[in-house]
Amino acid sequence: MGAFQKGTALWPGGIVPYQPNENHPFWSVILKAINEMNNKTVVKFIEKTVQPDYVYFTSENSGNWSITVGKAGGPHQVNIDKNVRSLHELGHVIGLVHEHQRQDRDNYIEVHREFIDSNNEWNINNVINTTEIEYETEYDVHSFMHYWDTAGVSDKVKNKELAKRIATGIATIGISEMKDHVEGRSMVYKRDRRMHIVTSEFLSPLDIYCINNVYNNYAPTS
Ligand SMILES: [Zn+2]
């Protein structure tokens, strides 16, 4: 990580009140993400009492998302309907944008637009204007704010890839190394094309550095 955009509403004092929801199907996963953030950064998610600005968690069948990047003001909805990537959504809650949408990303990854489903284009193809970004650390492919390398891949590509794997066997013999590692992926790490990019469920050292730097130096105190 990581990048915050200029003008993002940061949580005063790094305190993020949240409404506990033990009926949420993935509550234990959400708590794990909260603990990761609380244990490793200066940001603290605390159970809500009377605070007007707070986070609440829903489980609508619409993917994982946060209603805004940074503090929404008032009740702030975070939807988690998958058993993974809760921590990523907490990243958006505290103000982080996607790592793979940084303007310098093409120096580090190749984005394969031809494989990406049109519904997912915005979250992968677009870059965020660097002049709008403040508080950026060096590019980090291991960031929890980086998408995984098959994110947004269209069903057409998935099926094609699957058909090819069946036709050629598990080892995908007969496919050139390059093709095997690029085809069917929405993005590839330039330094090591064999490496799979995953969205980490843990904070990387650079994630921790950037969050602490921003919240220690730029968050309002109250
Ligand atoms: Zn995201």
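Figure 1. Trp27 and Phe57 are both buried, where buried denotes under 20% relative accessible area, exposed over 50% and partly exposed the range in between, for a 1.4 Å probe and protein chains only. The view belongs to a predicted model, in which local features need pLDDT of at least 70 and side-chain atom pairs count only at pLDDT 80 or more, while totals for chains, interfaces and linings use all residues. Residues are numbered from 1 along each chain as its sequence is written, and side-chain values use heavy atoms, with hydrogens and water left out. Tyr18, Trp27 and Phe57 make up one aromatic cluster. Rings of Phe, Tyr and Trp (its six-membered ring) are paired if their centres lie within 6.5 Å, and planes under 30 degrees apart are called stacked, over 60 edge-to-face and the rest tilted.

Figure 2. By the ring-pairing rule, the count is 6 aromatic pairs. Helices (H or I, at least four residues) and strands (E, at least two) are DSSP runs, numbered from the N terminus. Phe4 is buried at a relative accessible area of 1%, and Tyr215 is buried at 6% relative accessibility. Trp27 and Phe57 also form an edge-to-face pair, with 5.8 Å centre to centre and 65° between the planes. This second pair likewise links distant parts of the chain: Trp27 lies in helix H1 (residues 27–40) and Phe57 in strand S4 (residues 54–58), 30 residues apart.

**Figure 3. Close-up of strand S4 and its partner strands.** Because 4 of the 5 residues of S4 are buried, this strand is largely enclosed by the rest of the structure. Strand S2 (residues 15–19) pairs with S4 in the parallel sense over 2 bridges; two strands are taken as paired if DSSP finds at least two bridges between them. Tyr18 has Val55 as its bridge partner in S4. S4 also pairs in the parallel sense with strand S6 (residues 75–79), over 5 bridges. Tyr54 stands opposite Pro75 in S6.

**Figure 4. Close-up of charged side chains over aromatic rings.** Lys48 is placed over the face of Tyr54, 4.6 Å from the ring centre. Arg85 is placed over the face of Trp148, 3.6 Å from the ring centre. A charge sits over a ring if NZ of Lys or CZ of Arg is within 6 Å of the ring centre and within 35 degrees of the ring normal.

Figure 5. The zinc ion has His88 (NE2), His92 (NE2) and His98 (NE2) as protein donors, 2.0 to 2.1 Å away. Donors are N, O and S atoms within 2.8 Å of the metal (3.2 Å for Na, K and Ca), and sites may look incomplete because water is not among the atoms. The sequence spacing of the donor residues is H-x3-H-x5-H. His92 is buried at 9% relative accessibility, and His98 is buried at 6%. Glu89 is listed under "active site" by UniProt in an unreviewed entry; UniProt positions follow the numbering used here, feature names are shortened, and annotations may be inferred rather than shown by experiment. Glu89 is located in helix H2 (residues 86–94) and is buried at 5% relative accessibility. Leaving aside residues up to four places away in sequence, Glu89 touches Asn64, Trp65, Ser66, Val78 and Ile80, a contact being heavy atoms within 4.5 Å.
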